[in-house]
Amino acid sequence: MNKNKKILLIGGTGYIGTVLYTYLKKKGYVVSSIDNQVYGKKVFSKGFKKNYNKYKSFLNFKSIEKDLRNTDYVVFLAGLVGDPITAKYPVMSNLINDKGSIEFLNFIGRFKIKKLLYISTCSNYGLSRSKKKLNEKSILRPLSLYAKSKVDIEKHLLKNKKKLGYSFNILRFSTAFGSSPRMRYDLTINQFTRDIFFNKKVLIYDPDTWRPYCHVLDFARAIDKILSFKKRNIDFEIFNVGNDKNNYSKLAMLKLIIRVMGKGNYKILNDSKDKRNYKVDFSKIKKILNFNTKYDLKYGIKEIVNSLKKNKTTFKKTAYMGNYEVIRKKK
Ligand SMILES: NC(=O)c1ccc[n+]([C@@H]2O[C@H](COP(=O)([O-])OP(=O)(O)OC[C@H]3O[C@@H](n4cnc5c(N)ncnc54)[C@H](O)[C@@H]3O)[C@@H](O)[C@H]2O)c1
């Protein structure tokens with residue numbers, strides 16, 4: 001049914017992009033990627049088409065024209081992702097996540113793109129004092145440079161929806177967890193699981209702050225659901241992606257990891273590192289798209305433990321397994 005639907009992933013060799021590739025390919029889509037692999041050039045082999053990724057920046061408009069002419073859908077995943085990495089490289093973050101992203105979104109209007117999926121984040125909700133879960137209409141209070149850029153891009157898309165020349169959806173993803181060919185151990189669940197696996201004491205800041213989590217494969221399922229959805233017009237809609245059941249406080253999440261792994265020590269630190277605190281309502285995606293997540297935290301924790309067992313040394317040492325440091329700085 002999806003045969004011949006061409007999808008271009010911008011940022012397709014990242015943590016989510018590599019999982020998305022495999023999932024969409026199995027579903028029959030023709031998938032390609034543009035990614036300049038800012039954390040180091042890794043060649044994905046097993047299960048990846050040889051020329052799947054074009055090693056270049058999405059900011060290099062001249063060189064990406066052909067790719068854009070040859071696609072039906074664009075999934076925009078690229079950028080410097082996460083609060084710490086954008087705080088560490090603010091100039092580069094501005095160039096890619098703000099200015100460059102806006103220019104790119106304006107540029108692609110001249111090609112015949114059926115739909116763009118802009119991958120945003122629930123971090124946009126920032127600090128909420130309310131006990132109520134936040135939905136797509138709630139006020140956004142981004143705290144970090146990373147989330148501020150995401151909010152600015154969302155605003156740009158919504159303000160210019162009649163001018164851009166393509167339809168889009170904005171997907172606000174929960175914080176991801178789970179295994180990926182390009183692993184990110186800077187994400188809390190993944191990091192805590194790895195630390196405990198290697199018998200390291202977990203240092204936990206802001207233990208009582210809440211956040212929703214979602215398995216990386218469920219993001220792929222949600223994207224497939226949207227791209228194949230025909231029942232009604234959902235153009236320009238925003239969807240939170242996740243599940244109400246996966247809203248956890250950081251400490252409750254850590255205790256769950258310890259229960260699943262049967263071991264683990266932690267120390268609560270008082271100086272706050274990350275004030276984000278929000279519980280999210282996912283009823284819209286459930287109601288409109290009939291989307292339910294399939295993989296819970298326990299599944300993800302066990303999956304990470306299994307991959308750590310198979311690749312002990314690689315996982316312990318590789319800086320590439322997280323958004324810690326930019327290797328490739330050139331445009
Ligand atoms: N991982 C999460 O928890 C999470 C949560 C919410 C939203 N998101 C969103 O999902 C998307 C993907 O996140 P991820 O976790 O896979 O991050 P990631 O860092 O693993 O992937 C981003 C990719 O973008 C690429 N990139 C950066 N600058 C580029 C440029 N100029 N040209 C081409 N490629 C470039 C990087 O090389 C990287 O492979 C992001 O938009 C992120 O904001 C992620």
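A polar contact is a pair of N or O atoms within 3.5 Å, where within protein one atom must be able to donate a hydrogen and the other to accept it, and where residues adjacent in sequence count only if both atoms are side-chain atoms. The model is predicted, with local features requiring pLDDT of at least 70, side-chain atom pairs counted only at pLDDT 80 or more, and totals for chains, interfaces and linings using all residues. Residues are numbered from 1 along each chain as its sequence is written, and side-chain values use heavy atoms, with hydrogens and water left out.

View 1. A polar side-chain atom of lysine 150 lies 2.9 Å from an oxygen atom of the ligand, and an N or O atom in the side chain of asparagine 323 is 3.0 Å from a ligand oxygen atom. At serine 57, a polar side-chain atom is 3.1 Å from a nitrogen atom of the ligand. The ligand taken alone exposes 820 Å², of which the protein buries 98% (accessible areas by the Shrake-Rupley method with a 1.4 Å probe).

**View 2. The shell around the ligand.** Of the 31 residues around the ligand, those that come nearest are Tyr15, Asp35, Tyr146, Ala176 and Arg184 (a residue is near a molecule if one of its heavy atoms lies within 4 Å of it). By class the shell has 14 nonpolar, 12 polar and five charged residues, with Ala, Val, Leu, Ile, Met, Phe, Trp, Tyr, Cys and Pro counted as nonpolar, Asp, Glu, Lys and Arg as charged, and the others, Gly among them, as polar. β5 gives the largest share, three residues (helices, H or I with at least four residues, and strands, E with at least two, are DSSP runs numbered from the N terminus).

**View 3. The seven-stranded sheet.** Seven strands form an open sheet with parallel pairing, in the order β3-β2-β1-β4-β5-β6-β10 (two strands pair if DSSP finds at least two bridges between them). β3 (53–54) and β10 (238–241) are the edge strands, each pairing on one side only. Strand β1 (residues 6–10) runs parallel to strand β4 (residues 73–76) and is joined to it by four bridges, and leucine 8 has valine 74 in β4 as its bridge partner. Helix α1 lies across β1, β2 (30–34), β4 and β6 (167–173), running at about 170° to β1 (contact means heavy atoms within 4.5 Å; axes are lines fitted to C-alpha atoms, for helices over the stretch in contact, and angles run from 0 to 180 degrees between N-to-C directions).

**View 4. The three-stranded sheet.** Three strands form an open sheet of mixed pairing, in the order β7-β9-β11, and the twist averages 50° from one strand to the next. β7 and strand β9 (residues 210–215) run parallel and are joined by three bridges, with threonine 175 standing opposite tyrosine 213 in β9. Helix α7 (residues 216–227) lies across β7 and β9 at about 70° to β9, whereas helix α10 (residues 297–310) lies across β7, β9 and β11 at about 65° to β9.
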